[in-house]
Amino acid sequence: MEQEIALTAVDDQAALPLVGRLHQWVVTVDHKRLGLMYIGGGLFFFVIAGLQAVTMRLQLAFPDNHLVAPQVFNRLMTMHGTAMVFLVGMPILTGFFNYLVPLMIGARDLAFPRLNSFGFWLWLFGALLLYFSYIGGDGLYGAGSAPDVGWFAYAPLTERAFSRGNSTDYWILSILLTSVGSTATAINIVATTFSMRCKGMALGKMPVLVWLALVVAFLMLVALPPLSAAQAMLLLDRYLGAHFFDTQAGGSAILWQHFFWIFGHPEVYILVLPAFAFASEIIPVFSRKVIFGYHVMVAASCAIGFISLGVWAHHMFAVGMTPAGNAFFAASTMLVGVPTGIKIFNWLGTIWGGKLRFRVPMLFSLGFLFQFMVAGLSGIMLGVAPFDWQLTDTYFVVAHFHYVLIGGIVFMIFAAIYYWFPKATGRMLNERLGKWHFWLFLIGFHLTFDPLHFAGLHGMPRRIYTYQPGRGLEGLNLLASIGAVVQALAVLIFAVNVLYSLANGEEAGPDPWDAWTLEWSTTSPPPEYNFAIEPEVRSRRPLWDLKHPEDPDWQYE
Amino acid sequence: MLATQLIPRWPEKPLYLVKRCILLGAALVIGAAPTAASDWGVGAANSHLTHPQVFAPVSTPARDIETLAWFTIAVCAGIALIVGGLLAYSIVRFRARPDDDGREPPQVYGSNPIEFAWTVVPLLIVFVLILTTARTIYTVQAAPRPPTALSVRVIGHQWWWEIRYPDLDIVTANEMHVPVSDPAHPAPTFLELESADVAHSFWVPQLAGKTDLIPNRKNVMWIDPHTPGTYLGQCAEFCGTEHGLMLLRVIVQPRAQWEDWVASQRRPAARDGAAGHGREIFESTACVNCHTVRGTVADGRFGPDLTHIMSRDTLGAGAAMNTPDNLKTWIKDPNLIKPGVLMPAMNLNDAELADVAQYLETLR
């Protein structure tokens with residue numbers, strides 16, 4: 001019955017002409033379509049910002065290289081950083097939450113569907129505004145240029161005296177708009193998880209992913225306003241003669257840094273907690289075991305959320321804080337390692353005693369586990385404030401946070417795409433291309449980012465457009481650049497896989513992975529209303545209960 | 001179907017093909033290799049110096065940091081070995097076998113004692129790390145300043161370093177000379193860090209960690225180099241277009257040699273009659289708006305002090321070695337050496353250029 005209704009809905013759409021179908025995507029308020037548009041948009045900017053990174057690596061492949069001019073390099077660096085955070089990480093992860101949260105809690109949509117649509121379009125136009133600066137950054141007389149102040153945009157480099165033209169204004173407005181979009185999503189997720197869970201789903205029965213979505217939403221609500229406030233202050237400085245950050249008129253450069261990192265560090269967790277969320281769904285299914293220590297997992301997530309609000313100044317150990325200030329932020333930074341460690345141990349506990357199936361989502365998840373562990377440990381090194389006086393603003397930091405952002409988050413995004421692609425499209429991604437994608441990406445990733453740790457220890461600062469020969473940096477940089485191209489090849493294979501599988505992939509059916517959460521109980525792709533009848537659950541793994549009536553979960557929870 | 005036919009089967013020959021992909025990547029990168037780019041003599045000069053490494057300290061703060069760094073690395077490596085080893089073991093040990101019976105493994109929902117243990121053990125490790133960290137923070141940051149310490153003011157500019165010795169009446173740029181500090185008779189140098197425009201960061205890895213130079217703020221750091229030599233460093237906070245070539249060197253000299261250097265820097269600018277014409281040109285063009293040559297009409301403050309420019313190893317904050325040819329190129333158009341630099345091309349004709357260069361070469 002459920003399936004029949006779903007099929008007619010899909011047929012209706014296919015009958016529409018192309019313009020009509022596109023129109024449906026534009027006017028949609030369906031959380032699944034908006035989620036997919038977020039993910040698709042994010043992947044589009046992932047390719048652009050990734051190619052910008054490859055260009056930077058080619059420039060840095062050799063000392064004294066002249067592939068791009070210094071200012072062009074600085075624009076690439078700024079756009080790569082800004083885009084990867086606001087135009088790639090945020091939309092892909094909010095896209096997944098948009099898509100999955102209602103399905104996993106047995107709801108028919110998010111609490112405020114039209115707010116959701118509003119947030120998406122704000123995000124999209126904010127994102128386009130950022131790249132429009134390449135055309136209109138110096139005003140509309142044809143001379144374009146993107147912002148070149150770095151994604152952190154330290155004052156007073158962003159003030160009118162040092163950043164003429166309009167490129168910095170595009171950066172400010174783009175981030176303001178995308179942040180408002182993200183805030184809308186955050187409100188929606190909080191409201192949805194609190195008020196739209198299906199019958200029987202107490203807070204303690206929500207899948208770990210939904211718990212993490214809730215923590216991320218709260219973090220967004222707390223972390224984004226300081227950023228937006230700082231952007232507004234910067235606009236006031238630039239246009240109305242305010243002097244918040246204008247040091248030439250007595251403003252404070254450090255004030256900007258505090259505002260930026262009060263947002264910036266929770267932002268790291270806003271990006272990485274969704275990766276934890278995917279891992280907490282995927283690893284159990286492919287280990288064939290229930291998540292180990294659900295309550296501790298949830299508690300650790302909340303702890304990370306709280307502690308991450310008190311660590312921001314570890315980005316500022318070199319600005320000349322007092323010893324007490326440095327010691328406080330060193331301590332809070334290392335403390336956040338404890339709940340993070342607990343999570344890794346719990347995933348290990350989930351794997352332990354399981355029957356591991358090495359399908360592509362699991363391969364990416366295992367890569368994530370190793371790499372995230374290394375990233376966490378290099379993070380501890382950076383938290384040791386005196387060591388950080390040497391490491392901060394060097395390639396060691398670049399290597400560390402790419403271990404988090406690529407080795408952790410991007411790996412889990414790929415895992416999530418391989419895992420939920422069948423749900424969203426009804427077709428499986430090709431396993432063989434997927435394995436190629438995984439192994440090449442893994443090798444390319446390590447070729448690039450392992451040597452960069454050593455480049456940093458060898459005295460190579462970040463954000464430099466070139467380096468001089470004879471300082472021991474040549475070999476490390478060449479390796480890193482080769483790795484960047486290998487990663488690009490891997491992403492190309494992924495793109496081929498997506499396009500190929502959309503048309504020719506194996507039919508998935510509703511539950512291709514033999515999984516346990518509610519989204520796998522409806523058709524693939526799910527109908528617009530998700531569930532014909534509101535589901536009723538008794539445990540955290542409702543489909544396990546269905547499949548194993550002799551040994552249901554609710555006996556143990 | 002086509003795509004799957006093109007892609008070789010997994011995993012018959014994976015290594016061979018992975019190798020191919022890496023070679024292809026390498027070929028693409030090397031295709032972007034520069035065509036005979038000049039490094040203005042810097043590469044050859046650098047090869048005589050030690051690499052600016054974090055793990056080759058010659059000064060107390062850098063040494064304290066190194067000790068703490070090795071301790072931290074040892075702890076982290078231990079954790080990585082144990083956790084990584086357990087992960088690798090469990091991945092191999094618990095893989096699904098081909099002869100699997102298809103039954104689900106036993107479902108384990110958690111274990112309070114185990115979870116308690118792996119919460120408490122990390123807490124203890126973190127506690128130890130916090131204590132050792134705090135100790136080093138205080139020994140480095142709160143070190144008392146002996147009355148004999150040398151004071152140096154370092155002022156960051158886009159994209160060069162102004163270096164002033166307030167007690168000695170010396171102004172120079174980009175290359176700081178300090179006396180060696182014998183551990184038996186410590187003679188540390190205390191740096192006051194300021195900025196004239198945007199944020200910069202002072203970093204010479206072998207001497208100390210970095211400290212930012214922030215406008216409207218005075219930061220302090222100290223060094224006490226034990227070994228004479230030239231130590232490379234550079235700006236470590238993004239400061240605009242030429243952040244990449246805002247280089248720095250600290251020249252550590254035995255006391256007597258350093259005192260000779262001080263004496264020579266305190267002398268007024270040389271006046272060599274043979275270079276009089278070049279001097280006239282220098283003093284009648286825009287040069288004097290930005291540069292100072294003490295004792296002449298040139299008293300600009302925007303660019304580096306040139307009173308003893310020939311006593312310095314490099315030009316353009318380390319962008320080029322200070323050779324006569326490089327000097328001429330620099331005056332003619334500094335953008336050729338350091339694109340985006342704030343000094344404009346001086347548009348001198350060849351004769352004027354030669355004269356000005358000749359004059360500058362007398363400023364020893």
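The model is predicted: local features need pLDDT of at least 70, side-chain atom pairs count only at pLDDT 80 or more, and totals for chains, interfaces and linings use all residues. Residues are numbered from 1 along each chain as its sequence is written, chains are lettered from A and ligands numbered from 1 in the order in which they are written, and side-chain values use heavy atoms, with hydrogens and water left out.

Chain B contains ten helices and twelve strands; helices (H or I, at least four residues) and strands (E, at least two) are DSSP runs, numbered from the N terminus. The C-alpha trace spans about 100 × 65 × 35 Å along its principal axes. Of the 364 residues of chain B, 51% are buried, where buried means under 20% relative accessible area, with a 1.4 Å probe and protein chains only. Among contacts (heavy atoms within 4.5 Å) in chain B between residues at least 6 apart in sequence, 63% join residues at least 24 apart.

Strand E5 (residues 189-195) of chain B has six of its seven residues buried, so it is largely enclosed by the rest of the structure.

| Strand paired with E5(B) | Bridges | Direction |
|---|---|---|
| E1(B), residues 150-157 | Seven | Parallel |
| E8(B), residues 219-223 | Five | Antiparallel |

Within E5(B), Glu192(B) is the bridge partner of Arg153(B). Glu192(B) also stands opposite Val220(B) in E8(B).

Technical notes: Buried means under 20% relative accessible area, exposed over 50%, partly exposed in between (1.4 Å probe, protein chains only). Two strands pair if DSSP finds at least two bridges between them.
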